[in-house]
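Here is a short briefing on nonpolar packing and surface. Please read it alongside the model.

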Amino acid sequence: MKYIYLLIFLIPTLVFSQDDLLSEIDSETPEDFKGAAFKGLKIVNFESTKMVSKDEMYFVVSHRFGSIETGFKDFFGLDQAVTRLNLIYGVSDAVNIGVSRSSFRKIYESSLKIRLLREKKGGFPFTVVSSSNILINTSLDKDLLPGLKFKNRLGYTTQLLISKKFNKNFSLQLMPTFFHDNYVDINEQDNSQYVFGIGGRHKLTKRWSVNFDYGLHLNRADNSPFKNPFSIGFDLETGGHVFQLHFTNAQPMNTNGFLGQGTGDWGSGDIFFGFNLSRVF
């Protein structure tokens, strides 16, 4: 059944992306389009519609400390930090590929990001990007999970990222998301899960902006201890990179992780401080 869901999401992506990429060849200039709705490849946790340019390489270091609720015991989360290293390459201005490794559950992941449509001055009002990922959870232990097979380690994500730059200071993005984990921690939880995300950016100064994103999980199990991810952060543009500082209630950084396994609670102060640092090569 999961393969049917994947086909439903991916076939329209491939068809529309092919049409749009062909239509952009030698037909329009950069001046015809609005500037990027977001400066970072991430809003906070969610992917943004920003693309890596052709032949550029981005190296992204993402770090999440443990919960600040622990106070001095763990030095406000410093002792419980997780890290994700992500390398993204621009095959073209509209096609990006990437690989990453996260210390959270020792996850390896590959990604594909395709710009389908681009917001145009006096034309199409949105930028639309598809984002797809395949991950391998290498932390699952055969001794604790008898009968564990390689396929049980796999997870998949596919999203549509739909952004609009309302003016030079304010941008908004919607993110309908499907993700599937072949192994889930909660027996009553469906392997295939659905989330509707929303995120935004408001520019404060020439270099600073405030960002937020939130994911509404649509079929979370009733007995699940996990929470919908809500994050607030600040972007600082400094030369060749964007430095993002943020607070979030989800420590995992892979899409399946922060959407399906966020444990923090803003109401009780159980939140995580972290950052994303991008460097362009």
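The largest nonpolar core has 13 residues, and those with the most contacts inside it are Phe46, Met175, Phe258 and Leu259. Strand E7 (170-181) and helix H2 (255-260) each supply at least two residues of this core. The model is predicted.

**Cores**
- Phe46 is among the residues with the most contacts inside the largest core.
- Leaving aside residues up to four places away in sequence, Phe46 touches Gln159, Met175, Thr177, Gly197, Asp213, Tyr214, Gly215, Phe258 and Leu259.

**Surface patch**
- Phe59, Leu85, Leu87, Val99 and Phe281 make a nonpolar surface patch of about 460 Å².
- Leu87, one of these patch residues, lies in strand E2 (residues 82-92).
- Leu87 counts as partly exposed because its relative accessibility is 35%, between the 20% and 50% cut-offs.

**Phe230**
- Phe230 is placed in strand E10 (residues 230-238).
- Its relative accessible area is 28%, so Phe230 is partly exposed.
- Not counting residues up to four places away in sequence, Phe230 touches Phe212, Asp213, Tyr214, Phe247, Thr248, Asn249 and Trp266.
- Asp213 and Tyr214 are on the contact list of Phe230 and also on that of Phe46.
- Phe230 and Gly197 are 33 residues apart along the chain, and their C-alpha atoms are separated by 9.8 Å. Gly197 is also one of the residues that Phe46 touches.

Key. Residues are numbered from 1 along each chain as its sequence is written. This is a predicted model: local features need pLDDT of at least 70, side-chain atom pairs count only at pLDDT 80 or more; totals for chains, interfaces and linings use all residues. Side-chain values use heavy atoms; hydrogens and water are left out. A nonpolar core is a set of buried Ala, Val, Leu, Ile, Met, Phe, Trp, Tyr and Cys residues joined through side-chain atoms within 4.5 Å. Buried means under 20% relative accessible area, exposed over 50%, partly exposed in between (1.4 Å probe, protein chains only). Helices (H or I, at least four residues) and strands (E, at least two) are DSSP runs, numbered from the N terminus. Contact means heavy atoms within 4.5 Å. Patches are made of residues with over 30% relative accessible area and no salt bridge: like charges are joined within 9 Å, nonpolar side chains (Val, Leu, Ile, Met, Phe, Trp, Tyr) within 5 Å. Accessible areas come from the Shrake-Rupley method with a 1.4 Å probe; for residues, only the protein chains shown count as cover. A salt bridge is a side-chain nitrogen of Lys or Arg within 4 Å of a carboxyl oxygen of Asp or Glu.
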